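Below is a short briefing on one predicted model.

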Amino acid sequence: MREITYVEALREALRQSMEKDPNVILIGEDIGVYGGSFGVTVGLIDLFGKERVRDTPDSEAALIGACVGAAMSGLRPVGEIMFSDFVVDAMDQITMQAAKTRYMFGAQVTIPTVIRLPGGSGTGAAAQHSECLENWFVHMPGLKVVVPSNAYDAKGLLMASIQDNNPIMFFEHKLLYRTKCDVPEEAYTIPLGKSRMVREGKHITVVAISIMVSKALEAAEILVKEGIEIEIIDPRTLKPLDDAPIFESVVKTGKVLIVHEAVKNSGFGAEIAARIADSPAFFYLDAPIKRLGGMDIPIPYNRYLERKAVPQVEDIVDEARKLARNEF
Amino acid sequence: MSSEKAVKKQTKLDEVMTRDEALHWLKIMLLGRAFEENAEELYNLGKTHGTMHLSIGQEAVAVGIRSALKSTDYFFNTHRGHTHFLAWGGELNGLMAEFMGKATGVCHGRGGSMHIADIKKNIIGSNGILGSSTALSLGYGINVQLKKTEQLILVIFGDGGANEGVVHESMNLAAIWKLPIIFFCENNSFAMSMRFKDAVAIKAISERACAYGMPGITVDGNDVLAINKAVKDAADFVRAGKGPYLVEAITYRVRGHSRSDRQNYRTREEVKEWISKEKDPIYRFAKLLNLSDEDVEKFGKEAKLEIKKALEFAENSPEPSIENIEEGTYA
């Protein structure tokens with residue numbers, strides 16, 4: 001198998017989806033000749049033309065609304081928000097229209113659209129170009145939320161998302177774009193709502209989201225030298241959430257650490273923690289449920305401050321070590 | 001591309017539609033009126049819960065639009081859309097049952113007065129977020145353009161919705177892509193309590209059309225024929241692939257914004273003037289048909305009878321089942 005980057009995997013998913021289904025179209029800012037702000041759509045306009053790869057002016061509300069309407073009318077549009085932060089300008093179209101219309105209209109319509117949202121810090125882009133906002137959308141019935149952590153998942157989850165009949169918020173992490181892994185050339189899907197056991201371990205369950213999966217893997221390499229074996233689970237989709245494997249793991253390890261880059265306060269980690277506490281797995285806990293997440297501040301510009309604002313490998317190592325030593 | 005231009009030359013009825021067609025539209029106006037008067041009554045009797053937005057006195061807009069378009073065209077409604085729904089061919093029973101929140105409602109009791117759609121009839125639904133449908137209409141426009149079906153999309157918003165930012169984005173996008181969309185501003189002179197003249201610094205919303213490179217026109221919103229002609233002109237332009245068109249119809253919201261409106265921003269005299277037979281769109285249209293007041297009242301009674309039957313249907317319909325409360329959230 002060949003190795004390709006996360007960006008290439010996404011592009012391949014878009015290309016193969018568009019080849020297979022003429023109803024798949026792309027709508028976004030600078031996604032045509034320019035190829036998208038992060039290069040995901042490079043070359044697609046040459047293959048499919050400007051009718052299917054639609055460059056828009058800076059109009060997030062209209063472009064997302066266009067995706068929602070096109071989906072209601074029978075197309076399968078994939079919209080791109082250049083930086084996920086800009087989704088604020090399209091919130092009505094996503095939360096009041098895409099999420100609710102099917103329900104409000106008594107299931108008369110389906111809304112098969114995918115909104116791609118590059119997010120995350122680490123690029124020095126500061127407060128308005130660096131947020132992780134995925135959890136906002138978990139709180140909105142009618143949406144699904146997908147958070148691929150590697151190139152293989154990026155392709156399979158994007159193809160599955162495009163085939164799904166619901167509006168999907170597809171959060172890509174900018175620092176993952178250049179990461180590589182083995183990705184099959186043929187088209188494939190990964191079911192939404194199926195978590196991945198990234199690494200087995202017996203001491204601590206680590207639930208890691210998006211870029212935190214690779215950070216947790218790095219932490220595992222350090223911890224293993226100290227005799228601490230962490231088990232890493234990547235939910236891959238926050239909604240639907242495949243929580244059963246998390247419960248099973250907690251029953252096995254008795255300790256759990258949840259890690260995401262999004263702000264910890266009211267973050268998705270709180271939902272996972274609550275579900276564990278709400279389940280029979282609670283009785284198997286040997287320690288408090290621990291969470292690592294972004295600080296309660298806007299993402300700062302300065303590289304040291306920016307790094308400090310979100311969990312790093314050493315934070316995961318520290319927290320896991322404390323859990324292993326019963327220091328909590 | 002004149003924007004303020006009103007239709008000066010009076011259009012004659014027989015230039016636009018046959019007498020039978022005109023009678024059909026008059027009856028639809030009366031049916032809409034009867035539906036809404038009944039809705040008010042049901043609310044006052046405590047037989048329905050939730051709010052509603054009434055378009056009494058604005059019925060000419062609904063039939064003026066519908067009579068100018070084809071049933072294969074797509075229609076995006078506003079939150080003040082009962083009569084529009086009926087004009088577009090939506091089933092009265094389904095509308096009434098939806099209003100009553102029943103399982104037999106067109107949206108299975110999920111939407112209510114503010115969210116009524118009949119997708120099979122190309123009534124893409126009313127929207128509780130002002131101006132928002134303009135963005136959704138773009139997607140239908142893209143589909144029609146890709147599939148070259150010669151359909152068009154008419155999307156309505158009010159003078160209130162006109163000031164939402166998304167309308168600006170949508171008109172611009174429709175214009176650069178030459179999408180087959182008629183943007184229709186049903187200007188009923190009030191955005192809740194704010195008068196139109198206090199909400200904008202221009203004379204008419206249609207003046208904005210030139211900012212997007214599309215034609216715009218303002219017509220008398222209580223004149224069925226004027227609206228019909230404007231929409232037909234717009235439809236010819238749009239179907240020819242020339243891009244979107246903005247039509248504005250000036251009318252007057254006779255009732256309050258919603259059920260909770262205290263209406264302390266206008267006088268009773270002002271409202272009285274608009275419900276006079278000289279200004280009431282139903283009587284104005286009936287006059288063109290040479291019908292007497294008695295004729296109108298007779299048709300009005302027939303409409304009320306239809307409403308009564310629909311109400312019986314709705315009242316005898318079951319409530320939606322609690323077990324299926326989640327149905328429709330996800331596909």
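In chain B, B:Phe157 stands opposite B:Cys185, a residue of strand S4(B). Strand S4 (residues 181-187) of chain B runs parallel to S3(B), and 6 bridges join the two. From S3(B) the chain passes through helix H7 (residues 165-176) of chain B to reach S4(B), a β-α-β crossover that is right-handed.

**Strand S3 of chain B**
- Strand S1 (residues 74-76) of chain B also pairs with S3(B), in the parallel sense and over 3 bridges.
- Within that pairing, B:Leu154 in S3(B) is the bridge partner of B:Phe75.

**B:His84**
- This residue lies in helix H4 (residues 82-87) of chain B.
- B:His84 has a relative accessible area of 4% and is therefore buried, the cut-off being under 20%.
- Beyond its neighbours within four places in sequence, B:His84 contacts B:Val61, B:Ala62, B:Ile65, B:Phe75, B:Asn77, B:Ile156 and B:Glu186.

**Contact between chain B and chain A**
- About 3200 Å² is buried between chain B and chain A, with 61% of it on carbon and sulfur atoms.
- Chain B contributes 41 residues to the contact and chain A contributes 44 residues.
- The two chains, B and A, share 0 salt bridges, while 23 residue pairs are in polar contact, both residues at pLDDT 80 or more.
- On the side of chain B that touches chain A, the elements giving two or more residues are strand S2 (123-125), helix H6 (133-147) and H7 of chain B.
- H6(B) provides the largest share of that side, 10 residues.

How values were computed:
Residues are numbered from 1 along each chain as its sequence is written. Chains are lettered from A and ligands numbered from 1 in the order in which they are written. This is a predicted model: local features need pLDDT of at least 70, side-chain atom pairs count only at pLDDT 80 or more; totals for chains, interfaces and linings use all residues. Side-chain values use heavy atoms; hydrogens and water are left out. Two strands pair if DSSP finds at least two bridges between them. Helices (H or I, at least four residues) and strands (E, at least two) are DSSP runs, numbered from the N terminus. A crossover is right-handed if, with the strands pointing away from the viewer, the path from the first strand over the helix to the second runs clockwise. Buried means under 20% relative accessible area, exposed over 50%, partly exposed in between (1.4 Å probe, protein chains only). Contact means heavy atoms within 4.5 Å. Buried area is the accessible area (1.4 Å probe) that two parts lose on being put together, summed over both. A salt bridge is a side-chain nitrogen of Lys or Arg within 4 Å of a carboxyl oxygen of Asp or Glu. A polar contact is a pair of N or O atoms within 3.5 Å; within protein, one must be able to donate a hydrogen and the other to accept it, and residues adjacent in sequence count only if both atoms are side-chain atoms.
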